[in-house]
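Please read them alongside the coordinates.

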Amino acid sequence: MTVAPPEWETSSIGDVTTKPLKCEPANTGRETVQYVDIGLLDGPTECLTQAPEVRIESAPSRCRQVIAVEDTLYSTVRPYLRKIAFVHGGLDGEFASTGYCVLRPSQKIHPRFLYYFTLSKQFEDQILPLQKGVSYPAVLDREVRAQRIWYPGLAEQRQIVEIVQEHLSHLNRAEAALAQSRQRSRSMVASARRRLVDQAREGSKTWRIGDVAAVSTGTTPSRAQARYYEGGTIPWITSGDLASGFVQEASQFVTSAALTETSLKLYPPGTLLVAMYGEGKTRGTVAELGLAATTNQACAAVQVRNPELRSWVRMLLEANYIAMRRLAAGGVQPNLNLGLIRNIEVPVPEEATRLRLMGEVEAVLKAARALALETDGAVARLTALRKTVLKAAFQGKLTGRHTDADVIEEMAHV
């Protein structure tokens, strides 16, 4: 168990916070309210200033907690996702989901000190073991309030907050620079792919994907029929498996019964898979099967008839993916369809031209992959340093002097 600095006071969080007022939005006399739903946060949010407006008559039943400026919102659903927010101006008197534990600090606790504590490893070590449930692990509001918090006097709390903010601002600037690097890399790849398509069209015969490949999609067998899953050995690929670009293993499997009794089809190695759902921002868009496998409905399987054109078709699919997304049908999450994929144009220049163009694009992709690996490593280090800053703060080890950097580095490597 983490030991608090001996000169600091220790209390339960409930003893140094108050609970928010709960009321029905209809009782406010307003037509709309701003509502902070659990889905609004992607992770820690240091300055939450606005939320979507909902009409009173359509406000969900969870929209009942009245929040105030300087509250800390702590999501009790899947707490490991760290959906935690510090409420800033613009949301005073608005509403939050009952899925949040709303922590309103008493006069003994600096609001930012409380917020940073809920982000710390010291707090996570207390609360995460209390999660219950499988699909939606959660903790109770009273369990959050029962956990220990330790703190010095208000003057020292203010000093610690200022020191933490200074360190985190440096890390935030570094993270913003890395995000710009990622964007430049993506732009470089997109530009190379556009050049490939433009140059390939010059003097080349143009086909369509449907002319040079068979295009189909899989399905999801009923989960109620256990014989389709239990003891399965046949790889069953979903769009989440496409991230690496070359699928060599599966995270899920189905049985031979699924192949014989449903519309599932076993695809051979070399089949190209295209993600049908989502926008391809956090996962792969096109991948090649390195093993025999079947797929769910989120993947389109493209079987190129001429193996010599497979790599060329794959590059064209990747180059046209964004354009396909713009034509996709659907509302909140537009989906591709097989017709869109079959109608993608496939200019087929002479082999020497194809090899040259693919080599140029591959050189750019190689550089982009190397940059992505370096960026991922740097982001992981920033994440570790951010946690270490908070850990050091609540061990009373930050002083605001230049030696803080040495303390943080040493703790980060422990």
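This is a predicted model: local features need pLDDT of at least 70, side-chain atom pairs count only at pLDDT 80 or more; totals for chains, interfaces and linings use all residues.

1. Two strands count as paired if DSSP finds at least two bridges between them. Helices (H or I, at least four residues) and strands (E, at least two) are DSSP runs, numbered from the N terminus. Residue numbers start from 1 along each chain as its sequence is written.

2. Strand β18 (residues 286-289) has two partners to note. Strand β17 (residues 272-275) pairs with β18 in the antiparallel sense over three bridges, and V274 stands opposite V286 in β18. Strand β15 (residues 246-247) pairs with β18 in the parallel sense over two bridges, with F246 opposite E288.

3. In a regular strand the side chains alternate between the two faces of the sheet. From β18, V286 and E288 point one way and A287 and L289 the other way. All of these residues are buried (under 20% relative accessible area, with exposed over 50% and partly exposed in between; 1.4 Å probe, protein chains only).

4. Helix α1 (residues 111-119) is mostly covered, with nine of its nine residues buried. Among them are R112 and T118, along with F113, Y115 and F117.

5. E9 is found in strand β1 (residues 9-12). E9 counts as partly exposed because its relative accessibility is 37%. Leaving aside residues up to four places away in sequence, E9 touches K108, I149, W150 and Y151 (contact means heavy atoms within 4.5 Å). E9 and P349 are 340 residues apart in sequence and 75 Å apart in space, C-alpha to C-alpha.

6. How do helix α7 (residues 310-327) and helix α9 (residues 351-393) pack, and at what angle? The angle is about 50°, with the axes 11 Å apart. Axes are lines fitted to C-alpha atoms, for helices over the stretch in contact, and angles run from 0 to 180 degrees between N-to-C directions. The two helices are therefore oblique to each other; angles under 35 degrees count as roughly parallel, over 145 as roughly antiparallel, 65 to 115 as roughly perpendicular and the rest as oblique.

7. On the α7 side of this contact are S311, W312 and M315, which meet R354, L357, M358, V361 and E362 in α9. By class, the contact has five nonpolar, one polar and two charged residues (Ala, Val, Leu, Ile, Met, Phe, Trp, Tyr, Cys and Pro count as nonpolar, Asp, Glu, Lys and Arg as charged, and the others, Gly among them, as polar).

Definitions and conventions: Side-chain values use heavy atoms; hydrogens and water are left out.
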